[in-house]
Amino acid sequence: MKNSNSSLESLPTTFILVGIPGLEAEHFWISIPFCLMYIIIFLGNGIILHVIRTDPALHQPMYLFLAMLALAEVGVSATTLPTVLGIFLFGTTEISFDACLFQMFFIHSFSIMESAVLLAMSVDRFVAIHNPLRYTAILTLPRIFGTGMIMGLKSIILMAPLPMLLRHLPFCGHNVLAHSYCLHPNLIHLPCGDVSINNIYGLFIVTSTFGLDSLLIVISYGFILHTVLSITTGKGRRKALNTCGSHICAVLTYYVPMIGLSMVHRLGFHVSPLVHAMMANAYLFFPPVVNPIVYSIKTKEIHCGIVRMLSQKKARI
């Protein structure tokens with residue numbers, strides 16, 4: 001009981017967040033590109049969600065999974081917005097301990113959901129190419145929505161223990177973070193007690209979600225490539241591969257920054273704080289900014305749906 005009380009007493013009341021290290025005097029000007037990115041994220045993903053919701057022709061597995069991806073990306077961005085813009089626009093660098101854990105929980109939960117949706121989309125592409133005649137019979141609406149619920153519950157269940165584990169660690173006055181938001185790999189470096197359980201559980205989450213998802217995505221594309229090579233006509237092969245182009249871009253924009261950030265956190269002990277900040281920002285901002293643009297341009301049905309929506313609004317005016 002005494003150990004529990006002393007651990008609670010050593011918890012910091014607030015954490016100190018940082019913007020871009022070394023560029024504190026320029027934070028107001030740096031806020032401009034961040035504001036633009038948030039506008040693109042919410043407007044771009046919002047348009048995609050609206051088009052999919054209002055166009056019955058897009059109520060198909062591929063586009064429903066795309067809607068889930070857009071929701072996850074909006075969730076991540078909405079969770080980071082208060083602290084990011086608070087720092088750059090108003091110089092607010094403090095965040096309460098509980099609010100930090102709350103933000104960490106939702107950032108990682110939505111990120112886990114995003115990874116799971118990318119896996120589901122790769123399976124969707126495999127079924128569409130390998131067995132197109134039974135595509136809608138295999139990926140029925142109940143199965144799609146059930147998959148979405150399972151992905152959401154999985155992320156919540158996996159993340160739930162992390163805030164509780166952090167609350168039982170002594171911080172000994174260490175409360176300065178390396179980013180404009182709270183991430184578990186950053187928080188775990190602050191406690192002065194034994195963090196082996198946190199490290200083991202964090203590694204379990206990473207391997208059972210991002211690691212397993214990325215492996216299964218690679219396997220799915222191995223099957224897709226095998227199926228495509230069995231198509232006799234060159235035109236058929238190109239058509240099949242073209243349906244995967246947007247998804248491949250989404251996978252790369254998600255996993256490449258994530259791998260870079262993970263390597264910086266675990267191996268880059270002597271890396272400049274500026275590199276830490278830039279890699280974290282690339283991980284959280286690059287996918288939700290790029291994906292709506294890529295899908296709006298490369299996916300014909302989404303592009304046409306956006307054009308129809310804009311034409312209808314123009315006609316009303």
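Cys182 is buried in this predicted model, at 0% relative accessibility. A disulfide joins Cys182 to Cys100, with an S to S distance of 2.0 Å. The link of Cys100 and Cys182 is left-handed, with -120° about the S-S bond. Cys100 belongs to helix H4 (residues 97–130), whereas Cys182 sits in the loop between helix H7 (161–167) and helix H8 (184–187), so the bond ties together parts that lie 82 residues apart in sequence.

The count of disulfides comes to 1. Cys244 takes part in no disulfide, the nearest cysteine sulfur being that of Cys249, 11 Å away. This distance is too far for a bond, because a disulfide requires sulfur atoms within 2.5 Å. The accessibility of the cysteines discussed here is set out below.

| Residue | Relative accessible area | Class |
|---|---|---|
| Cys100 | 0% | buried |
| Cys182 | 0% | buried |
| Cys244 | 1% | buried |
| Cys249 | 29% | partly exposed |

A further feature is the packing of two helices. Helix H3 (residues 61–90) packs against helix H6 (residues 141–159) at an angle of about 20°, and their axes are 11 Å apart. That angle makes H3 roughly parallel to H6, and H3 passes H6 in a right-handed crossing. On the H3 side the contact involves Pro61, Leu64, Phe65 and Met68, which meet Leu141, Ile144, Thr147, Gly148 and Met151 of H6. The residues of this contact divide into 7 nonpolar, 2 polar and no charged.

Helix H3 also contains Ser77. Ser77 is buried, with a relative accessible area of 1%. Leaving aside residues up to four places away in sequence, Ser77 touches Tyr38, Ile41, Phe42 and Pro288.

How values were computed:
Residues are numbered from 1 along each chain as its sequence is written. This is a predicted model: local features need pLDDT of at least 70, side-chain atom pairs count only at pLDDT 80 or more; totals for chains, interfaces and linings use all residues. Side-chain values use heavy atoms; hydrogens and water are left out. Axes are lines fitted to C-alpha atoms, for helices over the stretch in contact, and angles run from 0 to 180 degrees between N-to-C directions. Helices (H or I, at least four residues) and strands (E, at least two) are DSSP runs, numbered from the N terminus. Angles under 35 degrees count as roughly parallel, over 145 as roughly antiparallel, 65 to 115 as roughly perpendicular and the rest as oblique. A crossing is left-handed if the near helix is turned anticlockwise from the far one by less than a right angle, and right-handed if clockwise. Contact means heavy atoms within 4.5 Å. Ala, Val, Leu, Ile, Met, Phe, Trp, Tyr, Cys and Pro count as nonpolar, Asp, Glu, Lys and Arg as charged, and the others, Gly among them, as polar. Buried means under 20% relative accessible area, exposed over 50%, partly exposed in between (1.4 Å probe, protein chains only).
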